Amino acid sequence: MALLDGQKELSKNPGSSDSRLVKQKLGFGCLTLTTFVTVIPIFAVVIYILIKGLPAISWSFLTSFPFDGVKQGGILPAIIGTFLLTLGTAIFSVPLGIGAAIYLSEYAPESRWTRVIRIAIINLAGIPSVVYGLFGLGMFVIFLKFGTSILAGSLTLSIMTLPVIISTSEEALRAVPQSFRVVSISIGATRWQTIRRIVLPQSLPGIITGVILGLERAAGETAPILFTAASFFLPRLPNSPLDPTMALPYHLFVISTQVPGMPVKIQYGTALVLIAFVLGMNLIATTIRSRARAHRQW
Amino acid sequence: MIKILIEHLNLQYSDGKESLRDINLEISVNAITVLFGPAGGGKSSLLRVFNRLNDLADVKLISGKVLLDDTDILDPKIDVIELRRRVGMVFARPVVLPMSIRSNLTYGLEVMGEKQETKLKEAVEKSLVQAALWEEVKDRLDEPAVSLSGGQQQRLCLARSLVLKPEVILLDEPTSGLDPISTGKVEASLQDLKQTYTIVLVPHSVQQAARMADFAAFFLQGELIEKGIGKELFINPKDKRTEDYIMGRFG
Amino acid sequence: MESTKNWNEYILTRLIKISGYSAIIFVLMIFYFLLREGLPTIGEVSFVSLISSRWYPIEEYFGLLPLIGGSLIVTLGAALFAIPIGICTAVFIAEIAPRWARDLLKPLVEVLGGIPSVVLGFLGILILAPSLRRLLDLPTGLTALAGSILLGGIAIPTIVSVAEDALDAVPRSYRDAALALGATQWQTIWRVTLPAARSGVLTAIMLGIGRTIGETMAVMMVTGNAAVLPIKWNSLFLPVRTMTATIAAEMGEVAKNSTHYHVLFFIGLVLFLISLGINIAASTAVFKQHMRAERILS
């Protein structure tokens with residue numbers, strides 16, 4: 001009987017479960033609302049640009065040069081320019097970044113110097129993009145005398161992209177079970193053989209995902225290329241890495257702020273192409289990541 | 001005949017775990033030597049001295065002599081890679097490499113630079129036969145190794161260690177995760193293999209130790225308490241601590 | 001055969017080690033160039049002048065206060081709504097959302113983080129600023145408020161992903177213990193889980209703010225670029241100019257090695273040091289989180 005009384009006591013408790021549950025329902029509702037606030041703009045942005053930009057998209061828009069200032073015609077040079085800059089960034093940042101990741105994951109001891117490296121990487125990640133632009137200007141354009149060029153822009157973007165590639169690649173390498181390495185060593189393989197034959201192939205999807213995400217950011221950045229590579233209107237495509245180039249983000253910036261009488265349709269079209277490029281890369285990276293997870297042999 | 005001679009071996013890790021104190025032991029050729037005792041006794045550490053796998057861990061101090069035939073394997077100048085090919089190892093949990101069954105077996109040869117198809121095929125078949133696995137997988141050699149059952153995977157690991165034709169095989173609780181039938185198959189293979197190889201086994205139970213040991217050594221907290229011929233040690237242990245452990249009074 | 005293989009492996013290992021240390025080299029290089037081109041400011045412009053409130057380079061007025069104030073007010077405004085929304089969204093995704101919703105929301109938020117800032121600035125000019133102008137009856141929509149809203153949108157994805165990871169990392173046992181004691185899920189979140197993830201969430205906030213301070217294009221396009229000290233009560237509704245926008249806007253027009261040139265690099269140096277500070281603070285918090293977890297779990 002005492003037990004039954006006690007049970008009754010519990011349900012009569014002040015601050016009873018009822019009011020707490022009401023509070024919880026309210027709270028959950030708020031959080032859901034907040035999440036919508038975060039998520040809806042994403043859809044809104046993409047869909048809006050899609051709707052307003054699609055009318056401008058045509059084969060000639062994508063493959064011809066602008067004329068009449070830039071108020072008519074296409075954006076081919078900007079597309080090519082962004083493509084070249086992304087390629088240049090990849091050439092410098094991918095080997096360096098993956099190499100650094102391999103060092104941190106497979107070779108580096110837990111020492112003071114390794115901590116310094118990690119702090120340096122975190123710092124590179126946090127430097128404002130415009131400061132990268134300044135650095136690129138001072139170092140590559142002026143000091144190394146590359147001038148405003150694809151080379152200078154790519155080098156600047158590479159250093160900026162390095163932290164992303166290093167951290168995602170390191171994570172992918174570390175995810176490979178340690179037991180594989182131990183077994184490989186016990187059969188008489190060297191550390192590098194173990195990396196080349198087991199660790200790297202198993203972490204490749206993760207590394208590729210990280211590389212694509214890093215390059216996607218580099219493709220969309222304006223400030224680092226403002227003073228190092230970008231030119232507003234070039235009559236010809238660049239024919240050497242030392243030439244300046246047009247680029248999609250820079251182009252969008254100029255036509256939306258500095259060209260009076262710029263047709264709005266073309267502005268949206270340019271924005272659409274840029275978003276499509278960037279989100280397309282995102283989609284590829286996400287697909288690689290989820291397919292790799294499904295096919296893992298461990 | 002002695003294959004491995006251990007003299008005054010001392011080993012300390014930076015975190016103080018699993019140390020070894022003044023170990024003196026002889027491992028006989030073509031026999032199964034069993035290292036047994038409660039957890040933390042240093043048996044796994046000793047095993048990893050034989051193929052210098054403890055180089056991967058944080059070793060603070062190691063001294064003494066460990067002679068494999070006539071070479072002191074603790075000498076920093078020796079070719080560790082070569083040593084690991086002479087001394088093979090099977091781990092407690094079956095660790096198959098994320099590749100096909102065939103590739104798991106040819107891995108050791110490929111990192112040596114062996115490229116001849118015929119040699120590789122021969123090695124694959126021979127090692128699988130020795131591990132009593134050939135009949136079960138001969139038609140599935142290109143399937144991923146993870147598709148095998150636990151017991152099959154462990155026998156694959158045994159086969160993998162045989163491919164390089166080592167002189168010594170080390171096994172660290174190789175049947176701890178396996179069902180009794182798979183355990184029986186592994187133990188049977190070891191009894192066959194001891195005629196060609198020197199085997200050092202850390203068993204996962206006293207019963208397994210008693211079943212398998214030609215020679216046995218009892219370890220307690222880093223010290224070698226007693227060693228001797230298997231049958232004698234288990235029937236008539238000389239040290240009380242050995243007897244207590246065998247009788248299950250502690251563990 | 002063996003010896004060439006050993007030689008190759010040796011060279012490769014050396015290269016990998018160099019890649020590992022490259023991050024340190026780059027940080028030092030950037031610091032050096034900023035110093036080299038920015039430090040002459042101290043000789044050329046008096047300290048008093050630097051902390052004055054007039055930024056008018058054409059007439060040699062280099063007061064940094066309006067720019068610092070601009071960056072501050074825009075960042076503060078962004079933080080004010082990005083932090084609560086970001087954390088609430090992170091809580092929703094980590095604690096309340098069902099599996100399928102989580103798998104949808106996480107990549108979605110990443111997508112928002114991937115939208116180039118120039119695109120957001122572009123939409124800001126065409127949509128946000130005019131809306132603000134109409135809604136709030138302002139002379140122009142290009143204000144600090146517009147900048148804050150855009151910056152908040154840029155900071156939220158960072159805050160959400162890092163905070164969500166931190167919440168996810170809180171061991172199940174904490175939640176289970178609280179629930180077993182009779183707490184509701186709501187109470188568990190706010191009294192147990194969130195405090196346990198405190199340092200990770202703090203890191204998320206710092207990284208988000210770091211991104212905000214360093215953002216260039218979006219602010220440059222919507223804040224109106226008037227270098228005015230934002231100390232009036234309604235400064236949020238007036239145009240301002242940030243440090244980053246100043247560099248981006250004026251670098252193209254300066255003569256090399258002029259005082260103006262040096263001052264812009266000096267501003268870059270200040271930004272570099274600010275982000276250094278934030279990142280060191282953020283990474284110390286992360287290290288502390290690891291050590292705390294180790295202490296609690298042992």
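## Report on a predicted model

C:Ser131 is partly exposed, because 13 other C-beta atoms lie within 10 Å (buried means 20 or more such atoms, exposed 12 or fewer, and partly exposed in between, with C-beta atoms placed from the backbone). This is a predicted model, in which local features need pLDDT of at least 70, side-chain atom pairs count only at pLDDT 80 or more, and totals for chains, interfaces and linings use all residues. Residues are numbered from 1 along each chain as its sequence is written, while chains are lettered from A and ligands numbered from 1 in the order in which they are written.

C:Ser131 sits in helix H6 (residues 117-136) of chain C; helices (H or I, at least four residues) and strands (E, at least two) are DSSP runs, numbered from the N terminus. From C:Ser131 to C:Thr216 the separation is 85 residues in sequence and 22 Å in space, C-alpha to C-alpha.

The contact between chains C and A takes 65 residues from each of the two, where contact means C-beta atoms, placed from the backbone, within 7 Å. Helix H1 (residues 2-38) of chain C gives the largest share of the side of chain C that touches chain A, 19 residues.

| Class | Residues of chain C |
|---|---|
| nonpolar (Ala, Val, Leu, Ile, Met, Phe, Trp, Tyr, Cys, Pro) | 44 residues |
| polar (the others, Gly among them) | 18 residues |

In chain B, 4 strands form an open antiparallel sheet in the order E2-E1-E4-E5; strands pair if DSSP finds at least two bridges between them. Strand E2 (20-28) and strand E5 (71-72) of chain B each have a single partner strand, so one side of each is left without a neighbour in the sheet.
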